[in-house]
Amino acid sequence: QLAPVMAKKLDHPAKFIRQWTIGCLLGQLGLSEYAEKGLAMAQHDEDESVRGMAIFNLGAVINKVTFPLARKIAQHLLDVFQHHEDKVDRDSAYFSILKAMEVPLEKHPRISKGVKPEEID
């Protein structure tokens with residue numbers, strides 16, 4: 001019952017509110033009905049922290065959406081991971097991909113070691 005009330009804040013002028021709202025709806029609650037909005041925020045929000053939070057949490061819902069939307073999300077995550085200049089965004093995409101693949105937290109390779117292209121499956 002709280003999700004629709006929270007979702008009204010996805011376009012709030014304060015970046016902090018947008019950031020934590022999309023994080024909660026996708027990452028904490030795993031609500032796939034907000035995946036399309038999350039992807040739009042990951043791609044176009046004016047604030048980098050909002051984009052980063054959306055990127056980080058898209059992996060939590062990618063397996064719950066239609067194939068065309070999942071494909072768009074996957075393409076965006078891979079593009080950010082492989083080509084984005086900002087290390088925080090690349091790391092967010094990396095962990096989102098691991099979340100989508102349901103890799104347990106204890107089996108996550110440390111991002112600090114530097115992932116080489118040949119290590120990516």
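I looked up what the buried residues of helix 3 pack against, and I found helix 2 (15-28), helix 4 (48-58) and helix 5 (67-83). I took contact as heavy atoms within 4.5 Å. Helices are DSSP runs (H or I, at least four residues), numbered from the N terminus. The model is predicted: local features need pLDDT of at least 70, side-chain atom pairs count only at pLDDT 80 or more, and totals for chains, interfaces and linings use all residues. Residues are numbered from 1 along each chain as its sequence is written, and side-chain values use heavy atoms, without hydrogens and water.

I then listed the buried residues of helix 3 (residues 35-44): Ala35, Gly38, Leu39, Met41 and Ala42. They lie on the same side of helix 3, because they cover an arc of only 160° around the axis, taken from the directions from the helix axis to the C-beta atoms. Glu36 and His44 are exposed on the face turned away from that buried side. Buried means under 20% relative accessible area, exposed over 50%, and partly exposed in between (1.4 Å probe, protein chains only).

I next examined Thr21, in helix 2. Thr21 is buried, at 8% relative accessible area. Leaving aside neighbours within four places in sequence, I found Thr21 in contact with Met6, Lys9 and Leu10.

Finally, I noted one aromatic cluster, formed by Phe81, Tyr94 and Phe95. Tyr94 is buried, with a relative accessible area of 9%, whereas Phe95 is partly exposed at 22%.

Key: Helix = DSSP H or I, 4+ residues; strand = E, 2+ residues; numbered from the N terminus. Phe/Tyr/Trp six-rings, centres within 6.5 Å; stacked < 30°, edge-to-face > 60°.
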